[in-house]
Amino acid sequence: MKKVLGTLRGGFHLSQPDVALEIVRRVRDAVPAVIPVTVKIATRIDDSAESRERFFDIFEGAFALGVAAITVHGRTVEAAL
């Protein structure tokens, strides 16, 4: 978990919905509208309620920003390590 979260990539962004959604927004803005943008995320970092809420903030926010599809890993980042 330290490797994933310590590098400020991937699963780390589940702990910062605003940053994750800013990345999505910038990609959507940079890519022509005719090209679909997709997102791939884990369900959350751990089993806490806070982590679950952050997942849904990102999930719903990404669709609101125009993402065409989201692939969800049905596990936590913690369980993947």
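Arg 54 counts as partly exposed, at 25% relative accessibility (buried means under 20% relative accessible area, exposed over 50%, partly exposed in between; 1.4 Å probe, protein chains only). The model is predicted: local features need pLDDT of at least 70, side-chain atom pairs count only at pLDDT 80 or more, and totals for chains, interfaces and linings use all residues. Residues are numbered from 1 along each chain as its sequence is written, and side-chain values use heavy atoms, with hydrogens and water left out.

**Salt bridges**

- The whole structure holds four salt bridges (a side-chain nitrogen of Lys or Arg within 4 Å of a carboxyl oxygen of Asp or Glu).
- Side chains of opposite charge can pair when their charged atoms come close.
- Arg 54 is bridged to Glu 50, with the closest N and O atoms 3.0 Å apart.
- Both Glu 50 and Arg 54 sit in helix H3, four residues apart, about one turn of the helix (helices are DSSP runs of H or I, at least four residues; strands are runs of E, at least two; numbering starts at the N terminus).
- Arg 26 pairs with Glu 22, and their closest N and O atoms are 2.8 Å apart.
- Helix H2, residues 17-30, holds both Arg 26 and Glu 22, four residues apart.
- Arg 26 is exposed, at 55% relative accessible area, whereas Glu 22 is partly exposed, at 27%.
- Arg 25 pairs with Asp 29, and here the closest N and O atoms are 2.7 Å apart.
- Arg 25 and Asp 29 also lie in H2, about one turn of the helix apart.
- Arg 25 is partly exposed, at 31%; Asp 29 is exposed, at 54%.
- Salt bridges link Glu 22, Arg 25, Arg 26 and Asp 29 in a network.

- The buried residues of H2 are Pro 17, Ala 20, Leu 21, Val 24 and Arg 28.
- They lie on the same side of H2 because they cover an arc of only 90° around the axis (taken from the directions from the helix axis to the C-beta atoms).
- Strand E1 (38-44) and H3 are included in what covers these buried residues of H2.
- Turned away from the buried side is a face with the exposed residues Asp 18, Arg 26, Asp 29 and Ala 30.

**A nonpolar patch**

- Val 19, Ile 23 and Val 27 make a nonpolar surface patch of about 210 Å².
- Patch residues have over 30% relative accessible area and no salt bridge; like charges are joined within 9 Å, nonpolar side chains (Val, Leu, Ile, Met, Phe, Trp, Tyr) within 5 Å.
- Areas come from the Shrake-Rupley method with a 1.4 Å probe; for residues, only the protein chains shown count as cover.
- Val 27 is a residue of H2 and is partly exposed, at 37% relative accessibility.

**Ala 62 in H3**

- Ala 62 belongs to helix H3, residues 49-64.
- Ala 62 is buried, with a relative accessible area of 1%.
- Leaving aside residues up to four places away in sequence, Ala 62 touches Leu 21, Val 24, Val 67 and Ile 70 (contact means heavy atoms within 4.5 Å).
- Val 37 is 25 residues from Ala 62 along the chain, and their C-alpha atoms are separated by 9.8 Å.
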